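I opened this notebook to record what I looked up in one structure. The entries follow the order in which I worked.

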Amino acid sequence: MHTGESLAGAAGAGLGDDRRLRLLWRALLASLALHALLLALLPMLKEAQPSRFVPPPLMAHIAKPKPLPAPPIVEPPPPAPAPRPAAKAPRPAPALAAPVLAVEPAKQALEAAPVAPAAPPPPAPPPAAARAEPAPTALAGPDPASVARFRLELMELARRYKRYPRIAQDNNWEGRVELRIAYAETGAMSSVTVKRSAGRAVLDEEAQAMIRSAQAQVAVPPALRGRAFTLEIPVEFSLKD
């Protein structure tokens, strides 16, 4: 019993191996056939692919320059018409001769009238001796350089006596006063006047007061004595000073 079953089992196992081999060969043959088919269809697939578009080469052509337009022909202006000859003025009609007046009666009256003797001319006055009178010599003015130095000295000294009025500071009053100072021949100050006002009387008065105070401390140099002269001095009043 056991021997028969063993033989049957061995025979069944042998049949199973043959079946597997056949299936393996079939699969191998199918794979080879598929690869051969792919190798045969590969050239056809390459031809069927759309060819890549290659743009044509660019061609550059040099265009000929366009000819410039011809300049317009300017026609010369027509000649001006010749001036017409002026019309001749009509000749004036001959004037009629004036009637000749009778001069015989007048001539007879003149002959009858007595002729008065002409009066002798008056004697000419004796020529006066011409005297050459010397022209008056103009007095020379003061030396400009000396005047400028004295003006600077007076201005420097006047700054020491400058006072800003309290009422002008409280009201924010500012301005510029221009003074004219006159000196006599003796060297003394003759007058101090306001040439140009600052617009505030208190500022004008303070400017004159500071010049008078400075004048008492400065003397006119000898080069300026003997000649009258004037000075113009500006005085600034500013709250920023």
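**Entry 1: the chain**

I note at the outset that the model is predicted. I counted the elements and found five helices and three strands in the chain. Read from the N terminus, their order is α-α-α-α-β-β-α-β. I then looked up burial: of the 241 residues, 16% count as buried. For contacts with a separation of 6 or more, I found that 75% are between residues 24 or more positions apart.

**Entry 2: helix α3**

I checked the length of α3, which covers residues 144-158. At 1.5 Å a residue, its 15 residues should span 21 Å, and the end C-alpha atoms are 21 Å apart, so expectation and model agree.

Which residues of α3 are buried? I list Ser 146, Val 147, Phe 150, Leu 154, Met 155, Leu 157 and Ala 158. Viewed down the helix axis, these buried residues fall within an arc of 165°, and therefore line one face of α3. I recall the background here: an α-helix has 3.6 residues a turn, so residues three or four places apart point the same way. On the other side of α3, I found Pro 144, Arg 149 and Leu 152 exposed.

I next asked what the buried residues of α3 pack against. The partners are β1 (175-183), α5 (201-215) and β3 (229-237).

**Entry 3: helix α5**

I recorded as buried in α5 the residues Leu 203, Asp 204, Glu 206, Ala 207, Gln 208, Met 210, Ile 211, Ala 214 and Gln 215. The buried residues of α5 pack against α3, α4 (166-170), β1, β2 (189-196) and β3.

**Entry 4: the crossing of α3 and α5**

How do the axes of α3 and α5 cross, and within what distance do they come? They come within 9 Å and cross at roughly 110°. Angles of 65 to 115 degrees count as roughly perpendicular, and α3 and α5 are therefore roughly perpendicular to each other. I noted the crossing as right-handed. On the α3 side, the contact is made by Phe 150, Leu 154, Leu 157 and Ala 158; on the α5 side, by Met 210, Ile 211, Ala 214 and Gln 215.

**Entry 5: Gln 208**

I then looked up Gln 208, which is in helix α5. Is Gln 208 buried or exposed? Its relative accessible area is 16%, under the 20% limit, so Gln 208 counts as buried. Leaving aside neighbours within four places in sequence, I found Gln 208 in contact with Leu 179, Val 192 and Val 194.

**Entry 6: two loop residues**

Asn 172 sits in the loop between α4 and β1. Its phi is near 55°, a positive value in a residue other than glycine. I set this beside the general rule that most residues other than glycine have a negative phi. Asn 172 counts as exposed, at 56% relative accessibility.

Ala 219 lies in the loop between α5 and β3. At 51% relative accessibility, Ala 219 is also exposed. I looked up the separation of its C-alpha atom from that of Gly 187, 32 residues apart along the chain, and recorded 8.0 Å.

Key: Residues numbered from 1 in each chain as written. Predicted model: local features only at pLDDT ≥ 70, side-chain atom pairs only at ≥ 80, totals over all residues. Heavy atoms only, no water. Helix = DSSP H or I, 4+ residues; strand = E, 2+ residues; numbered from the N terminus. Expected span 1.5 Å × (residues − 1). Buried < 20%, exposed > 50% of the residue type's maximum accessible area, 1.4 Å probe, protein only. Arc of directions from axis to C-beta. Contact = heavy atoms within 4.5 Å. Axes fitted to C-alpha atoms, helices over the stretch in contact; angles between N-to-C directions. Parallel < 35°, antiparallel > 145°, perpendicular 65-115°, else oblique. Left-handed = near helix turned anticlockwise from the far one by under 90°.
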